[in-house]
Amino acid sequence: AVWIGSHIDSVPQGGNFDGLAGVIAGLLILVASQRENRRLPVPVKVAAFRGEESAWYGRAYMGSSAIFGRLTAEDLQRQQRISGETLGNSLGKLGADIEAICAQQPLVETKNILAWLELHIEQGPVLVEKSLPLAVVNGIRGNVRFNTIHCFGDAQHSGTVPRDLRHDAVCGVSDLIMRLDARWQSRLSAGDDLVVTSGIFQTDVQEHAVSRISWHVRFSLEARSLNSYTLTAFAEEIMATAHQVSEARGVTFRFDSPVLTEPATLDHSVFAALKHSCEALAVNHLELASGAGHDSAIFARQGIPSGMVFVRNQNGSHNPHEAMEMDDFLLGVGVIQQTLEEWK
């Protein structure tokens, strides 16, 4: 069968369309087929995955990785960021086949999946900026993540320690991020595909004060690229730059193990079929690389022909204001349905 679907989890304060739109798209196609008593040329199954987002355990694609035996022992020991419960325990409580997952045994036969199709909101501003309803995705950026980095300095009175004698963790982390921002710009100028983000930056709420030099900052770093070499090279630059900042500011950095997700190239024939369907339905569209990660990347890495359609959405994503025009959404559903009806 051809599988259609996406994920049903979100991030804290996420919106209504990230992931869920792709599951509804698959269900709509099955409902239409049943109502019209019309058999598609190829069997279709709809899949809804949990754990695509990395917000809770620091590991993305947990559901789709589990079914292909790609969760490691280290992954299963990752702790939920609020409860502290391990991923392995959580999966066991849900009734998952935890023995098979621990043994990295696939839970499905990949030979029985003809292809994977995923509709998803774009999560960025490109389609809105270009006034286009849809895009056909040609690749998915991979990423390297340091989920938890600690910077240690020295806590002192803010009014008594001159600048050259301070070991300020906030300044140390800020210095690191700005140096990495300059390296990011340099790589963009050289033509590299790269985005860099520090999404967590925290001093201890129990200790910080207006009149206190912070001795400890916890933060995260993430880099994304369509190129594996760029990811590994920039990860090395992060470590080297941290060493430079340590020497310059008298602070110490402690990194957790990096989590690497390789970029994914989507199937050329599925990509062509989706583009053909757009053209057959006279849908103006764009070819676009995905900056966000998706379950499609896991399917593609298993050698399963995979393709994605992006739907224009307003107000970005990973926020409660996600928006999507239903006309745009239904165009995307129509493109996937047309692709199935012409399946060869």
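**Stop 1: a glycine in a helix**

Begin by selecting glycine 334, which belongs to helix α11. Please note from the outset that the model is predicted. Is glycine 334 buried, partly exposed or exposed? Its relative accessibility is 22%, so glycine 334 counts as partly exposed; the buried class ends at under 20%. Glycine 334 and isoleucine 200 are 134 residues apart along the chain, and their C-alpha atoms are separated by 39 Å.

**Stop 2: the nonpolar cores**

Now select Leu119, Ile336 and Leu340. The largest nonpolar core has 28 residues, and these three touch the most other members. Which elements supply at least two residues each to this core? They are the strands β1 (2-7), β3 (115-121), β4 (134-140) and β15 (306-311), together with the helices α1 (20-35), α9 (268-280) and α11 (326-341). The most is given by α11, with 5 residues.

Keep leucine 340 selected and show its surroundings. Setting aside residues up to four places away in sequence, leucine 340 touches Val2, Ile4, Ile29, Leu40, Pro41, Val42, Val44 and Leu117.

**Stop 3: the aromatic pairs**

The next stop concerns rings. A pair of aromatic rings is described by the distance of the centres and the angle of the planes. With ring centres required to lie within 6.5 Å, the count comes to 9 aromatic pairs.

Select phenylalanine 68 and phenylalanine 299. Their rings are 5.2 Å apart, centre to centre, with 90° between the planes, and the pair is edge-to-face. Phenylalanine 68 is found in the loop between α2 (62-67) and α3 (73-76), whereas phenylalanine 299 is in helix α10 (residues 295-301); the pair therefore ties together parts that are 231 residues apart in sequence. Phenylalanine 68 and phenylalanine 299 are both buried.

Then select phenylalanine 146 and phenylalanine 255. This aromatic pair is also edge-to-face, at 5.1 Å centre to centre and 75° between the planes. Because phenylalanine 146 lies in strand β5 (residues 142-152) and phenylalanine 255 in strand β11 (residues 252-255), the pair ties together parts that are 109 residues apart in sequence. Phenylalanine 146 has 4% relative accessibility and so counts as buried.

To close this stop, select Trp3, Phe49, Phe68, Trp116 and Phe299, which ring pairs link into a cluster.

**Stop 4: empty space**

Rolling a probe the size of a water molecule over the atoms shows where empty space is left. How many cavities of 30 Å³ or more does a search of the whole structure find? The search finds 1, and the largest cavity has a volume of about 60 Å³. Select Thr203, Asp204, Glu207, His208, Arg212, Ser214, Trp215 and His216 to display its lining. By class, this lining has 1 nonpolar, 4 polar and 3 charged residues.

Finally, turn to the second largest pocket, which holds about 550 Å³ of space. Select Arg50, Gly51, Leu87, Leu91 and Leu94: of the 22 lining residues, these are the closest to the centre of the pocket. Helices α2 and α4 (87-93) each supply at least two residues of the lining. The lining of this pocket comprises 12 nonpolar, 5 polar and 5 charged residues.

How values were computed
Residues are numbered from 1 along each chain as its sequence is written. This is a predicted model: local features need pLDDT of at least 70, side-chain atom pairs count only at pLDDT 80 or more; totals for chains, interfaces and linings use all residues. Side-chain values use heavy atoms; hydrogens and water are left out. Rings of Phe, Tyr and Trp (its six-membered ring) pair if their centres lie within 6.5 Å; planes under 30 degrees apart count as stacked, over 60 as edge-to-face and the rest as tilted. Helices (H or I, at least four residues) and strands (E, at least two) are DSSP runs, numbered from the N terminus. Buried means under 20% relative accessible area, exposed over 50%, partly exposed in between (1.4 Å probe, protein chains only). A nonpolar core is a set of buried Ala, Val, Leu, Ile, Met, Phe, Trp, Tyr and Cys residues joined through side-chain atoms within 4.5 Å. Contact means heavy atoms within 4.5 Å. On a 1 Å grid over the protein atoms alone, a cavity is a set of points where a 1.4 Å probe fits but cannot get out, and a pocket is an open set with protein on both sides within 12 Å along at least five of seven lines; lining residues have an atom within 4 Å of a point. Grid points are joined across faces, edges and corners, and a volume is the space filled by probe spheres set on the points. Ala, Val, Leu, Ile, Met, Phe, Trp, Tyr, Cys and Pro count as nonpolar, Asp, Glu, Lys and Arg as charged, and the others, Gly among them, as polar.
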